[in-house]
Amino acid sequence: MIKRNIRYHDLYNYRNSKHFVNTVLETRRYDKENNTDTVIFAGACQSYYEALISAGANFASSPGRILIDFLDPIIIAEKIATTENYRYITTDDLLPNLRDGKKGVDGIGALGKMKSIVTQL
């Protein structure tokens with residue numbers, strides 16, 4: 001966030017959020033064309049959370065416009081990667097592991113990505 005500005009809902013008051021938003025939009029366009037199911041975590045400290053979620057990110061940083069812990073995105077990515085693909089993960093499932101809770105990271109959630117391998121005898 002550019003310090004002198006107080007308009008929190010103006011994308012141009014954030015240094016890098018417009019780049020994050022454009023990246024999320026492009027990823028979702030690619031996602032739709034190739035029929036994939038990508039999970040997107042977007043943003044950084046003091047990002048424009050609402051714009052990132054509106055653009056199509058599953059999770060985004062800094063709804064509270066605070067400095068986030070660098071481990072929070074890693075914790076979310078690890079949980080999604082190691083959760084069965086039929087389980088839906090939300091931020092509420094991760095709250096005990098996140099330093100700043102929903103002020104630091106929030107989102108709409110995503111399906112897990114781990115696929116179980118069934119062996120045949």
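Q: What do buried, exposed and partly exposed mean in this predicted model?
A: Buried means under 20% relative accessible area, exposed means over 50%, and partly exposed lies in between.

Q: Why is aspartate 37 called partly exposed?
A: Aspartate 37 has a relative accessible area of 49%. Exposed needs over 50% and buried needs under 20%. Aspartate 37 therefore counts as partly exposed.

Q: What makes lysine 113 and aspartate 37 a salt bridge?
A: Their side chains meet at 3.1 Å, N to O. The cut-off is within 4 Å, so the pair qualifies.

Q: Why does this pair tie together parts that are 76 residues apart in sequence?
A: Lysine 113 lies in the segment after strand 5 (110-111). Aspartate 37 lies in the loop between helix 1 (17-34) and strand 1.

Q: How do you know whether arginine 65 is buried or exposed?
A: Arginine 65 has 15% relative accessibility. Buried means under 20%, so arginine 65 counts as buried.

Q: What makes arginine 65 and glutamate 50 a salt bridge?
A: The side chains meet at 2.8 Å, N to O. The limit is within 4 Å, so this pair counts. Glutamate 50 is partly exposed, at 30%.

Q: How many salt bridges does the rule give?
A: The count comes to seven. Among them is the pair of aspartate 92 and lysine 102, at 2.7 Å, N to O.

Definitions and conventions: Residues numbered from 1 in each chain as written. Predicted model: local features only at pLDDT ≥ 70, side-chain atom pairs only at ≥ 80, totals over all residues. Heavy atoms only, no water. Helix = DSSP H or I, 4+ residues; strand = E, 2+ residues; numbered from the N terminus. Buried < 20%, exposed > 50% of the residue type's maximum accessible area, 1.4 Å probe, protein only.
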